[in-house]
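Dear colleague,

My findings follow directly after it.

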Amino acid sequence: MSDVKAVRHLLANNSALTAQVSAARIFIGIVPQGTAAPAIAVTHVSTVRPQMVNIASKLCVSRVQVTVMAASYATQKSILALVRAALPRSRGSVNGVAVDSILIDIEGPDFTDEAGLYMGSIDYRVTYTE
């Protein structure tokens with residue numbers, strides 16, 4: 001959970017992003033039903049633990065998906081741009097997590113749901129030490 005903890009912390013503490021999406025609407029996991037748009041879900045997709053010669057290494061490479069839900073396509077795209085800006089090629093200690101790097105992996109797709117929300121996502125590769 002260190003991967004999503006670090007990503008959510010960076011998003012929730014970025015003033016440009018929280019001017020559009022309050023920190024209270026940036027969730028780890030699924031956005032609760034009934035949450036007003038816009039909202040952001042930060043979810044864990046997968047983790048690889050590279051095999052190292054040094055058995056003491058606790059390096060992890062996780063994929064974390066950041067999904068934006070908004071009432072319009074334009075708003076979704078503008079918030080995704082703010083997400084990209086809030087997660088520059090980061091490294092260092094983030095909310096108690098030793099982060100080696102946070103890098104964009106995959107962007108997309110765009111989709112809508114039955115409620116008419118516009119959604120889009122960006123996957124990040126988060127390399128950190130457990």
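**Strand pairing and the sheet**

In this predicted model, Ile106 stands opposite Asp123, a residue of β6. The two strands concerned, β5 and β6 (residues 118-129), are paired in the antiparallel sense over eleven bridges. They belong to an open sheet of six strands with mixed pairing, ordered β1-β2-β3-β6-β5-β4. Its edge strands, each pairing on one side only, are β1 (26-28) and β4 (90-94). With direction ignored, neighbouring strands of the sheet are turned by 30° against each other on average.

**Helices on the sheet**

Helix α1 (residues 2-12) packs on this sheet and touches β1, β2 (39-48), β3 (59-70), β4, β5 and β6. The direction of α1 makes about 150° with that of β2. Helix α3 (residues 73-86) lies across β2, β3, β5 and β6, and runs at about 15° to β6.

In soluble globular proteins, nonpolar side chains tend to be buried together. Here the largest nonpolar core has 27 residues, of which Val7, Leu11, Ile40 and Val83 touch the most other members. At least two residues of this core are supplied by each of α1, β2, β3, α3, β5 and β6. The largest share, five residues, comes from α1. Beyond its neighbours within four places in sequence, Val7 is in contact with Val42, Val64, Val66, Leu87, Ile102 and Val126. A second, separate core consists of six residues, among them Val31, Ala39, Ala41 and Met69.

Setting aside neighbours within four places in sequence, Ser101 is in contact with Ser90, Arg91, Arg125, Val126 and Thr127.

**The chain as a whole**

The protein chain has three helices and six strands, and along the sequence these follow the pattern α-α-β-β-β-α-β-β-β. The radius of gyration is 15 Å, close to the 14 Å that the globule rule gives for 130 residues, so the chain is as compact as a globular protein of that length. The C-alpha trace spans about 50 × 25 × 25 Å along its principal axes. Of the 130 residues, 35% are buried. Among contacts between residues at least 6 apart in sequence, 56% join residues at least 24 apart. The chain exposes about 7000 Å², and carbon and sulfur atoms supply 54% of that area.

Yours sincerely

Notes. Residues numbered from 1 in each chain as written. Predicted model: local features only at pLDDT ≥ 70, side-chain atom pairs only at ≥ 80, totals over all residues. Heavy atoms only, no water. Contact = heavy atoms within 4.5 Å. Pairing = 2+ DSSP bridges. Helix = DSSP H or I, 4+ residues; strand = E, 2+ residues; numbered from the N terminus. Axes fitted to C-alpha atoms, helices over the stretch in contact; angles between N-to-C directions. Core = buried A, V, L, I, M, F, W, Y, C linked by side-chain atoms within 4.5 Å. Buried < 20%, exposed > 50% of the residue type's maximum accessible area, 1.4 Å probe, protein only. Rg over C-alpha atoms; globule rule 2.2 N^0.38 Å. Areas by Shrake-Rupley, 256 points an atom, 1.4 Å probe, with all protein chains shown as cover.
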